[in-house]
Amino acid sequence: MELLLFILPVFFALSVLIVPKKGVRAYGIIGSLAVLGVVIACMMQYSNDGTVHLFADKKDWLSGITLSFGYDGISLLMLLLTAVLVPLVLVSNFKNELAENRLFTSMVFFMQLGLIGVFISMDGLWFYVFWEITLIPIFLISWWFGAPERKAALMKFFIYTFVGSLAMLAALIGIKVNAASFYIEDLKAVVFTSKAACWLALGFFLAFAIKIPIFPFHTWQPDTYTKSPMAGTMLLSGIMLKMALYGMIRWMIPLFPEAMACIQYPIIVLATIGVVYAAVIAIKQKDMKRVFAFASMSHVGLIAAAIMTWDFDALSGSMVQIINHGLVAVGLFLAVEIIERRTATRNLADLGGFAKQAPKFAFWFAVLAFASVSVPLTSGFIGEFLMLKGLVQFDMIIGIIAGTTLILGAVYTFRAYQLSMYGPVTRDQFADLHWSELIVLAIIVIAVVILGIYPAAITDFVNPSLKIVLETVSTPSGL
Amino acid sequence: MSVSQILPLILLLPLIGAFINGTIGKSLSKVVVGTIATGVMAISFVLAVMAFMSVQHGEPVTVQLFTMIKTSGFSLNARLFADNLSLWMTLIVTGVGTLIHLFSMGYMKHDAGYYKFFTYLNLFIFAMLTLVLGSNYFMLFFGWEGVGICSYLLIGFWYQDFKNTLAARKAFIMNRIGDLGLLIGLFLILGKFGTLEYVEVAKAVMMEGFEISEYLIFGITICLFIGATGKSAQIPLFTWLPDAMAGPTPVSALIHAATMVTAGIFLTVRSNFLFELDGAHLTKDIMLYVGLATSIIAAIIAMRQNDIKKVLAYSTVSQLGMLFVALGMGAYTAAMFHVTTHAFFKALLFLGSGSVIHAMSDEQDIRKMGGLRKKIPITHFTFLIGTLAISGIPLLSGFYSKDEIIGHAFESHKFVYFALMFSSALTAIYMFRLYFVTFFGTFRGTHEQEHHLHEGPASMTLPLIILAVLSIFGGLLNLPGVFLHSGTHWLSHHYAFNVTGPGMELGEHGDPNTTLMLMAAAGAMAVIISIITYIVYVKRNSVPVADDQLKGLEKASAMKLYFDEIYDFLFVKPVLWLSEKGAHYFEGAFLHRGVVGLGKAIGKSGDIVRKIQTGRTDNYILWMVFGIIGLIVYYIIYYKN
């Protein structure tokens with residue numbers, strides 16, 4: 001059944017190309033729901049003991065490359081995020097002409113294939129292959145359907161991330177030289193001198209740092225986000241950058257525990273700088289989408305820093321926050337899109353007063369804004385609480401600096417919200433939510449609130465797996 | 001019903017009210033909406049009284065709701081804890097809350113967002129009750145942030161005026177600065193004790209052989225205090241509270257006078273076992289002097305404010321400062337006593353001012369009022385009682401509660417005693433000024449306003465009357481041992497009973513004669529000031545002049561001692577500057593160009609190499625010949641050596 005995780009996206013990606021234009025919308029949504037069903041079935045089946053359940057296990061496939069695919073709690077959670085977000089992205093796109101486009105829908109499914117592959121590959125080379133596969137559909141989505149002046153930004157994005165990926169490939173090969181195969185356990189078994197480990201870990205780090213993005217590797221991000229169509233931005237910020245966070249937990253640190261001594265501190269410092277830097281820059285941005293692009297960078301910087309503390313609580317918090325950020329970012333970018341659809345601008349100076357005309361939108365957007373600043377009763381709260389606790393225990397000063405996100409986050413989020421929704425009315429009319437928009441916002445908000453009240457739903461599921469991952473590292477290289 | 005069944009209900013009822021009004025309130029009539037919201041509050045209050053009765057002399061009750069999250073070392077529980085302190089706060093919150101809900105039914109009658117208002121109000125009560133009833137710091141923080149959100153929503157309730165939304169944002173952000181401090185404090189507690197439950201931390205602290213480094217306990221307590229300065233509007237984080245007056249007046253009464261702003265005091269009293277440890281002395285001293293400075297500075301600013309609500313807002317800040325002075329001296333019971341009476345008379349004054357504003361067709365400037373005494377008699381009379389109570393006129397509640405704090409100061413810190421007397425004198429001056437200018441003299445508004453002058457409906461006057469009665473007799477709660485045989489000291493006994501911690505002794509002044517003397521001095525001062533202000537504002541009939549005619553200290557007072565301007569210059573401007581210039585120069589010019597430059601450099605190097613690839617055979621042959629020659633030369637040199 002697990003093979004359906006591959007088969008379904010490929011099937012829908014290809015078959016959607018021959019579906020009549022009118023049916024593309026529904027077909028896409030049905031397809032994505034089918035994938036969601038499979039993921040849920042996998043979750044039900046998984047015995048929650050934290051171990052990796054390998055459903056494909058062929059160790060001698062092709063000169064060191066193995067066919068090993070499987071999942072544990074962490075992978076399943078990421079799969080679930082992907083499987084939930086893709087239908088949400090499709091539904092929120094419902095009103096756009098783009099939704100009728102066969103190529104677009106096909107690319108979304110290819111994207112999903114790549115993402116699923118990344119999260120279930122237990123073989124280094126397959127991980128790399130799927131990691132690269134995701135780049136193609138997202139690039140094409142933005143290239144074909146993005147804003148008119150997108151090309152320079154997208155070339156920058158492509159080259160930037162590609163360079164990072166190559167560094168990762170080089171590092172992978174660097175380990176493989178000493179390992180029996182690309183199978184994750186074989187790779188983990190290799191013992192390095194700490195100097196070699198540092199260099200190889202840096203290869204991985206470069207790929208991840210660009211994708212996340214971590215300061216100062218982020219310059220592709222705001223431009224790409226703003227020039228991409230909404231669906232592209234959602235896929236990028238909602239799921240794609242989570243690949244890198246996942247990669248840190250699954251690959252970078254377990255593969256090179258010897259490198260922790262030299263990379264831990266610098267990465268945490270860079271990530272923390274990014275948290276504050278992005279938040280400060282977000283404050284005065286004029287383009288609403290850019291505000292949330294920088295906000296996203298600030299939030300994921302905190303997640304990256306928390307992961308690098310390699311503290312159990314902080315990791316569990318970062319898992320909660322990964323889910324939370326995926327949901328909230330999609331919601332916020334949809335809110336921007338809703339405004340842009342109706343007013344044809346995202347310039348904050350030109351907006352205002354929509355709360356009066358569109359009370360429903362105002363309500364759901366407001367809850368999202370609160371979720372984005374991690375207030376209690378939203379999942380971000382628990383996530384940030386645990387992550388900041390880990391950081392404070394790691395280093396008081398860093399913890400406090402990262403904690404300023406609490407304050408700065410409130411500044412830019414509410415500035416953007418108030419400038420657009422409050423104040424005197426600026427447009428003659430502003431239609432309230434379409435049902436497709438309402439559904440997406442409502443699902444996101446309800447999920448965020450439920451997870452905010454009962455975050456154990458996430459942590460109980462991933463904690464056993466996190467524990468195992470954590471343990472393998474504290475005993476160096478699985479010896 | 002047992003207490004463990006009642007407790008969740010007290011908490012849930014406001015939430016249910018908020019949910020009903022929030023979902024279907026729009027289609028209900030205003031009366032129904034108001035009745036639901038007020039009704040759940042009233043039931044909640046009755047339940048709180050029941051719970052209070054049964055816990056008062058029994059063991060504290062803990063109710064486990066569910067475990068929010070379980071991590072390696074600790075678990076965060078949604079758990080309720082009822083002892084005398086938390087239930088006393090619950091009584092204040094639900095009791096005063098009910099009255100203010102009732103008042104709002106009349107006050108907000110003409111507002112389009114009626115249902116939304118009551119939803120927020122109920123939601124606020126839910127958050128506030130979570131704050132006081134939680135059994136651990138985590139729940140407290142939950143409620144702490146929750147009340148901040150509701151406060152934000154209610155300050156910016158009239159969002160079409162952008163000024164209001166700015167005030168809301170300011171309040172939220174300043175609160176968040178404090179929240180960060182509190183959060184760090186929580187992490188420190190968690191690191192040291194491995195739990196956030198009050199009872200377990202208290203147990204650990206009071207165990208034989210408990211040791212903690214002075215730095216750590218100072219760190220913990222100062223962090224908690226930083227949190228308190230945000231929520232309870234102390235220097236340096238107090239400037240949001242006066243701006244918060246942008247919200248509807250019942251909100252100012254409920255959130256920004258009676259309940260939310262006392263959260264910082266509650267936090268400190270709740271954590272008294274930490275503040276009584278050796279290393280916390282420094283924190284307590286800081287608390288004392290910050291409170292004192294806040295009390296005096298806010299009182300000075302209040303002297304020359306002409307917006308009826310702004311005067312009351314600064315008065316609140318000033319009173320909160322006094323409460324922190326009490327806490328800094330370890331007078332926890334006295335602080336709780338004053339919190340209680342302050343909730344009564346400050347809610348009364350705010351609702352009274354709301355009634356005035358309602359009567360004046362939304363005019364808030366006291367210079368345009370005057371002579372309202374005859375027009376709105378009930379409001380006038382109750383406002384008078386509030387003024388007398390806060391000014392410390394003998395026999396009213398504020399007199400006793402304030403005296404208890406001042407008495408403590410007299411015993412331990414003579415300087416603080418005089419400073420507090422100065423602050424109370426200022427309080428009496430600005431309050432009587434406010435009262436006389438508003439209610440005496442001749443009417444100075446427009447004809448239209450005069451025509452509209454009317455007393456509010458019964459839903460507005462009834463809460464005023466009840467609060468007035470409470471403001472008069474609230475002092476009985478903790479009467480010192482001068483008047484009756486040994487005083488009532490009811491509140492002191494009450495707290496001594498089951499609030500854990502070494503700091504909870506009976507808050508008595510030793511010697512009745514000293515007490516009497518101090519009371520006489522304070523009472524005489526208040527009375528004399530009332531007479532002087534009467535002469536100035538009624539007999540001479542002087543009206544405050546426009547701000548631009550003021551000079552020196554008066555001008556500074558009217559300009560709020562320039563706090564906003566200073567903060568703007570020190571913090572707001574630099575951050576905005578960084579944001580703008582950072583985006584332009586660092587992000588745009590440096591990083592962006594750097595990356596693009598790197599790409600271009602690679603491209604350039606390609607250009608250079610490309611020139612060799614001419615595609616002409618003769619060129620290639622030439623290069624080949626060079627190559628062969630080179631090889632031969634190399635070969636020869638290599639073999640010669």
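User: How many residues of chain A are in contact with chain B?

Analyst: In this predicted model, 38 residues of chain A are in contact with 38 residues of chain B.

User: Which helices of chain A supply at least two residues each of the side that touches chain B?

Analyst: Helices H11 (260–283), H13 (312–343), H14 (354–357), H16 (379–394), H17 (396–403), H18 (405–421) and H20 (456–474) of chain A each do. Sorted by class, that side of chain A has 25 nonpolar, 9 polar and 4 charged residues.

User: Let's turn to chain B. How many helices and strands are there in chain B?

Analyst: Chain B has 25 helices and 2 strands. Its C-alpha trace spans about 120 × 70 × 55 Å along the principal axes. Of the 641 residues in chain B, 55% are buried. For contacts in chain B between residues at least 6 apart in sequence, 80% join residues at least 24 apart.

User: How do the two strands, E1(B) and E2(B), pair?

Analyst: Strand E1 (residues 61–70) of chain B pairs with E2(B) in the antiparallel sense, over 8 bridges. A hairpin of 4 residues joins E1(B) to E2(B). To find your place in the pairing, look for B:Thr67, which stands opposite B:Asn77 in E2(B).

User: Why is strand E2 of chain B described as largely enclosed?

Analyst: Count its buried residues: 6 of the 8 residues of E2 (residues 75–82) of chain B are buried, so the strand is largely enclosed by the rest of the structure.

User: Now a helix pair. At roughly what angle do the axes of H3 and H4 of chain B cross?

Analyst: The axes of H3 (residues 84–107) and H4 (residues 114–133) of chain B cross at roughly 170° and come within 9 Å. Angles over 145 degrees count as roughly antiparallel, and H3(B) and H4(B) are therefore roughly antiparallel to each other. On the H3(B) side, the contact includes B:Met89, B:Val93, B:Gly97 and B:His101, and on the H4(B) side it includes B:Phe117, B:Leu121, B:Ile125 and B:Met128. By class, the residues of this contact are 9 nonpolar, 5 polar and no charged.

User: Which residues touch the most other members of the largest nonpolar core?

Analyst: They are A:Leu245, A:Ala304, B:Phe124, B:Val325, B:Ala335 and B:Ala347, in a core of 409 residues. Helix H10 (residues 230–255) of chain A gives this core its largest share, 18 residues.

User: Leaving aside neighbours within four places in sequence, what is B:Phe124 in contact with?

Analyst: With those neighbours set aside, B:Phe124 is in contact with B:Val147, B:Cys150, B:Leu154 and B:Ile255.

Technical notes. Residues are numbered from 1 along each chain as its sequence is written. Chains are lettered from A and ligands numbered from 1 in the order in which they are written. This is a predicted model: local features need pLDDT of at least 70, side-chain atom pairs count only at pLDDT 80 or more; totals for chains, interfaces and linings use all residues. Two residues are in contact if their C-beta atoms, placed from the backbone, lie within 7 Å. Ala, Val, Leu, Ile, Met, Phe, Trp, Tyr, Cys and Pro count as nonpolar, Asp, Glu, Lys and Arg as charged, and the others, Gly among them, as polar. Axes are lines fitted to C-alpha atoms, for helices over the stretch in contact, and angles run from 0 to 180 degrees between N-to-C directions. Angles under 35 degrees count as roughly parallel, over 145 as roughly antiparallel, 65 to 115 as roughly perpendicular and the rest as oblique. A residue is buried if 20 or more other C-beta atoms lie within 10 Å of its own, exposed if 12 or fewer, and partly exposed in between; C-beta atoms are placed from the backbone. Two strands pair if DSSP finds at least two bridges between them. A nonpolar core is a set of buried Ala, Val, Leu, Ile, Met, Phe, Trp, Tyr and Cys residues joined through C-beta atoms within 7 Å.
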